[in-house]
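Student: Could you show me how to read the features of a protein model, one at a time?
Tutor: Gladly, let us look at it together.

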Amino acid sequence: MRDTRLITGLSLLLALALGQEEKVLEAGSCRPHASCRDCIRSQPSCAWCKALNFTKAGESDAMRCATQGELLQRGCAPTEVVEPRSQHKVLEDAPLSDSAEQETVTQLAPQKIALWLRPGEQHSFTVRFKRAEGYPVDVYYLMDLSYSMKDDLENIKKLGNDLLAALRNITKSVKIGFGSFVDKTVLPYVSMVPSKLLNPCPNRYEQCDSPVSFRHVLPLTDNASEFEIRVSQLRISGNLDSPEGGFDAIMQVAVCEKQIGWRNVTRLLVFTSDDVFHTAGDGKLGGIYLPNDNQCHLDTDGLYSKSHIYDYPSVGHLAQVLSASNIQPIFAVTGSTLAVYQELSRLIPKSVVGELKEDSSNVVQLISDAYNSLSSTVNLEHFQLPPGVSVAYEPHCEDATRSLGGHGGVCSGVRINQLVSFTVTVQADTCLEGPHTFALRVLGFTEEVRVELQTLCECPCSQPEPHATHCSGGHGTLSCGVCSCSPDRMGKLCECELADATYLEEGCWGQNGTGLMCNGKGQCVCGKCQCNSNVRGQHCECDDASCERHDGQLCAGQGQCQCGSCLCDKGYTGSACDCSLDTSACLQDGVECSGHGHCLCNKCQCQPGYFDRLCSQCPGCQTRCEEHRDCADCKAFGMGPLSQNCSIACNHTTATVLSEPAVSKKWCKEKTEDGQILLFLIKDMDGGTVHLTVKAKDAVTDQTLKIVLCLVLGIVIIGLLIIIAYRISVEVLDRREYIRFEKERERAKGNEVNNPLYQSATTTVINPRYNED
């Protein structure tokens with residue numbers, strides 16, 4: 001029963017000890033480990049002491065693992081400290097070339113590096129690059145032959161000589177090739193009507209070539225005449241939808257290196273079109289579901305034969321293939337699609353976009369400008385990086401423009417024969433199994449720096465010594481200062497037999513034989529306690545990591561923990577050394593806490609009602625003027641709430657009344673009980689008395705009532721004037737309207753007299769009877 005309780009208590013205390021070790025680790029110290037291998041793998045700051053008699057009595061071998069400074073302080077000789085550090089060695093470093101006419105052209109150095117990294121530790125080396133003059137160029141011209149590019153084709157047929165001449169101004173070694181594309185030859189991209197497949201032109205009397213996904217017309221050549229002859233044989237084609245199948249064509253140009261004839265030189269792909277593009281997923285419209293397989297599928301006629309089987313590549317897939325093939329695309333497109341291709345260019349490294357005129361008449365100048373832009377941009381990136389390894393770049397571009405692009409370093413505006421360099425920083429987060437290799441490459445160039453990487457995860461100690469004399473005369477194997485005992489032996493030096501372990505445990509109990517073995521903070525080995533890290537004593541009774549913490553730090557980081565109590569540094573006190581004896585933060589103009597508190601641990605403890613860092617604010621407290629107002633009133637005029645006991649209440653105050661004093665901002669202005677304004681000046685005298693200079697009341701009568709009456713009277717007068725002005729204006733308008741009315745009525749009467757419509761008609765009738773008379 002006793003053993004069960006002891007084991008349970010021991011487990012709990014071990015868990016607490018482990019928790020304390022976690023906190024120590026968070027604070028930045030090196031956690032002890034029982035073996036050199038585990039020690040150096042834990043943190044880059046950890047080192048191991050391999051000296052034979054380094055640990056003291058009661059200390060475990062885990063105490064050999066600490067920072068180098070701690071080990072040296074505890075007496076480990078510098079030669080006995082095992083602390084592998086990251087390093088590199090340059091294996092190949094050919095000099096950089098000035099001209100491409102040399103037998104071997106080198107633009108990137110060094111060429112090969114061996115790198116050893118300790119996990120968690122960064123290590124840097126330098127990579128240099130210099131553009132060689134006259135470096136060869138391969139240009140492959142990929143053209144959209146849909147019907148809307150009809151006028152462009154006529155200009156491209158005359159392009160060969162002009163383009164080669166423009167590029168030969170930059171380099172003597174130039175080759176040019178040609179290919180064309182339309183779209184996949186399935187619905188709904190092209191018409192499958194047999195007559196339309198033979199002649200897709202909208203006008204049946206016009207002759208067009210059958211649509212193809214991609215046709216490789218001419219391998220790379222330096223013969224301009226051959227370029228013009230082969231291109232002049234081409235005719236325009238056509239399709240149904242607006243987007244074109246250019247991505248299929250780009251993929252085949254990139255992966256069919258042998259058929260295209262790419263050399264290990266600068267590779268440019270000129271892509272011309274007047275419309276947007278299909279991308280991954282669009283093939284489903286034609287019943288094509290298989291993703292692009294990244295393989296070359298050109299038949300003997302140079303046609304892409306699997307366009308009806310594999311979908312269009314995605315933008316990311318295309319960018320990856322172009323980068324791996326060191327191909328730099330130049331998108332020469334018309335203004336209507338310029339914005340779309342500019343967004344595409346942001347996703348494809350080392351690509352540029354130029355605006356093509358409607359008839360492609362400016363394509364030579366566009367290609368020349370784009371090449372100058374691409375070749376003057378040096379973009380160093382990494383490839384085939386092992387998992388758990390990260391790389392960072394710091395470009396040094398001299399007078400060129402530096403920036404960080406993607407996951408690499410970039411220098412822009414680099415001139416020919418201008419040297420630029422990059423500081424490459426590599427870090428491995430974990431141990432790698434065996435050696436690994438990754439590459440550093442400037443985009444657009446085939447040269448690369450091969451980095452052979454190994455991680456330092458083993459201790460560089462001498463070979464293990466079996467049956468070492470140090471291990472109690474040969475009862476163990478000695479490695480890095482630690483004995484690994486035979487199966488029947490135990491102890492730090494294999495000094496006792498395993499069969500005697502139970503008998504020897506009696507020496508690990510406390511004085512009265514009760515409690516936990518080694519106080520639950522160590523292990524009993526050969527009758528002696530081997531304490532955990534930060535614990536010492538014959539029975540591990542002294543814990544140097546159990547002191548009070550402040551802000552997560554043991555003894556607030558301002559003292560040392562010894563047997564559970566903090567020994568504070570000079571200038572600090574408190575159980576956790578968290579109280580500073582300095583008072584500078586409490587003082588202002590030599591006054592501590594504004595006179596309304598006291599300083600404790602360099603912080604003001606304010607009196608009731610006061611707050612702020614210096615106890616300078618008190619919303620409910622009287623101001624100095626309010627404090628002396630009643631004394632000024634009773635001393636000067638015998639009035640106010642203290643008038644009955646003024647001599648007692650204001651015995652520390654004297655007053656002088658002046659009729660016309662020079663009042664300034666220092667004077668107090670307070671309102672008394674009778675509503676008058678009291679002006680007075682406070683002056684501190686010797687002996688703690690206060691003298692008040694008071695302005696006579698007749699000169700400072702409260703003018704508030706007069707001001708209010710004047711304001712009211714002014715408002716009433718202004719209101720009356722507004723009303724009178726309004727009535728006068730209304731009266732004047734009414735009179736004008738009445739006069740106008742009278743004139744109109746008189747005019748109407750005159751019209752009635754002269755107008756026949758208003759005159760009465762008179763008819764005279766003669767009676768024949770009276771006429772006979």
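Student: Is E458 buried, partly exposed or exposed?

Tutor: First, the general idea: buried means under 20% relative accessible area, exposed over 50%, and partly exposed in between, with a 1.4 Å probe and protein chains only. E458 has 48% relative accessibility, so E458 counts as partly exposed. Before we go on, note that this is a predicted model, where local features need pLDDT of at least 70, side-chain atom pairs count only at pLDDT 80 or more, and totals for chains, interfaces and linings use all residues. Residues are numbered from 1 along each chain as its sequence is written, and side-chain values use heavy atoms, with hydrogens and water left out.

Student: Which residue forms a salt bridge with E458?

Tutor: A salt bridge is a side-chain nitrogen of Lys or Arg within 4 Å of a carboxyl oxygen of Asp or Glu. Here the partner of E458 is R37, and their closest N and O atoms are 2.9 Å apart. E458 lies in the loop between β20 (448-455) and β21 (476-479), while R37 is in helix α2 (residues 36-42), so the pair ties together parts that are 421 residues apart in sequence. R37 counts as partly exposed, at 37% relative accessibility. R37 and E458 also belong to a network of salt bridges that includes R41.

Student: How many salt bridges does a search of the whole structure find?

Tutor: The search finds 23. Another one links the side chains of E452 and K112, at 3.1 Å from N to O. E452 sits in strand β20 and K112 in strand β6 (residues 112-117), 340 residues apart. Both ends are partly exposed: E452 has a relative accessible area of 30%, and K112 has 26%.

Student: Where do R745 and E742 lie?

Tutor: Both are in helix α16 (residues 704-754), three residues apart, which is about one turn of the helix. R745 is partly exposed, at 40% relative accessibility.

Student: Which residues form a nonpolar patch on the surface?

Tutor: Patches are made of residues with over 30% relative accessible area and no salt bridge; like charges are joined within 9 Å, and nonpolar side chains (Val, Leu, Ile, Met, Phe, Trp, Tyr) within 5 Å. The areas come from the Shrake-Rupley method with a 1.4 Å probe, and for residues only the protein chains shown count as cover. In this model the patch is formed by V708, V712, L713, V716, I717, L720, L721, I723, I724, I728 and V732, with about 980 Å² of accessible area together. One of them, I724, lies in helix α16 and is partly exposed, with a relative accessible area of 47%.

Student: How many bridges join strand β25 to strand β26?

Tutor: Two strands pair if DSSP finds at least two bridges between them. Strands β25 (residues 522-525) and β26 (residues 528-531) run antiparallel and are joined by four bridges. C524 has C529 in β26 as its bridge partner. Two residues separate the strands of this hairpin, and C526 takes a positive phi near 55°.

Student: In what order do the three strands of the open sheet come?

Tutor: The order is β2-β1-β3, with antiparallel pairing. The edge strands, β2 (65-67) and β3 (81-82), each pair on one side only.

Student: How many disulfides does the count come to?

Tutor: A disulfide is a pair of cysteine sulfur atoms within 2.5 Å, and by this rule there are 26. One of them joins C30 to C46, with 1.8 Å from S to S. The torsion about that S-S bond is about 120°, so the disulfide of C30 and C46 is right-handed. C30 lies in the loop between α1 (2-26) and α2, and C46 in strand β1, so the pair ties together parts that are 16 residues apart in sequence. Both cysteines are buried: C30 has a relative accessible area of 7%, and C46 is at 0%.
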